[in-house]
Amino acid sequence: MRIDIISAVPDLMLSPFRTSILKRAMEKGQAEVVFHDIRNWSSNNYRQIDDAPYGGGAGMVMMVEPLDKCISELKSQRHYDEIIYLTPDGETLNQKTANTLSIKENLIFVCGHYKGIDQRVRDLHITKEISIGDYVLTGGELAACVLADAVIRLLPGVLNDEQSALTDSFQDNLLSPPIYTRPEVYKGLKVPDVLLSGNFSKIEQWRHDEALRITAERRPDLLD
Ligand code: 6GU
């Protein structure tokens with residue numbers, strides 16, 4: 001999979017992709033993430049990419065021309081399955097969307113900054129709009145990292161068996177049961193006996209019961 005990320009501040013996103021699992025996925029060639037600084041497509045001497053909104057009001061708007069030029073150039077090089085704008089007014093990201101995107105070949109993520117992007121970029125190019133939750137960030141960059149992480153970890157071979165995505169919270173619409181590792185007792189808190197029993201069908205039953213209990217308590221909406 002290849003993800004092209006377009007942003008006014010690409011540096012904000014470097015470290016997540018230079019560390020740990022995402023770094024390894026890039027090194028093994030399972031994912032390629034390419035950053036594009038939108039200023040490189042600005043046509044004036046000040047490398048301007050934003051301007052005041054028509055009709056007045058606070059904040060700046062990302063101009064249509066640099067974004068259009070950048071996206072058009074990428075589109076001339078390969079087919080993109082989705083061109084995604086990260087915005088608080090998009091559909092809220094969930095595991096199903098991450099699963100769907102993980103089987104695509106080429107994606108573009110457009111990160112808005114300031115008040116957002118000129119509507120005509122959306123009309124011309126954007127095929128999907130995604131939010132990562134009901135709160136406002138300073139820009140789409142952190143959301144783009146979240147989306148890229150959620151998608152890349154699902155690619156074949158990115159996780160090893162122990163980290164397997166199949167047992168994740170949300171993959172089966174249940175939250176995760178409690179987990180423990182050594183020691184057996186810590187500050188008087190004991191690991192549940194069933195986990196030490198060696199009886200794997202009982203352990204699986206306990207884990208499922210606990211997952212149901214915790215989901216009912218915290219996220220009853222997931223059980224509907
Ligand atoms: Cl995708 N962008 C911004 N700026 N804020 C957000 C968001 C995205 N998702 C939640 N809040």
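Is Gly133 buried or exposed? With 11 C-beta neighbours inside 10 Å, Gly133 counts as exposed, where exposed means 12 or fewer other C-beta atoms within 10 Å, buried means 20 or more, partly exposed lies in between, and C-beta atoms are placed from the backbone. This is a predicted model, in which local features need pLDDT of at least 70 and side-chain atom pairs count only at pLDDT 80 or more, while totals for chains, interfaces and linings use all residues. Residues are numbered from 1 along each chain as its sequence is written.

**View 1. The annotated binding site.** An unreviewed UniProt entry lists Gly112, Ile132, Gly133, Asp134, Tyr135, Val136 and Leu137 under "binding site"; such annotations may be inferred rather than shown by experiment. Gly133 lies in the loop between β7 (128-131) and α6 (141-152), with helices (H or I, at least four residues) and strands (E, at least two) taken as DSSP runs numbered from the N terminus.

**View 2. Leu137 and its contacts.** Leu137 is also found in the loop between β7 and α6, and it is partly exposed because 16 other C-beta atoms lie within 10 Å. Leaving aside residues up to four places away in sequence, Leu137 touches Leu142 and Ala143, a contact being two C-beta atoms, placed from the backbone, within 7 Å.

**View 3. The largest nonpolar core.** Among the 43 residues of this core, Leu67, Ile84, Leu86, Phe109, Val110 and Ala144 touch the most other members; a nonpolar core is a set of buried Ala, Val, Leu, Ile, Met, Phe, Trp, Tyr and Cys residues joined through C-beta atoms within 7 Å. The largest share, seven residues, comes from α6.
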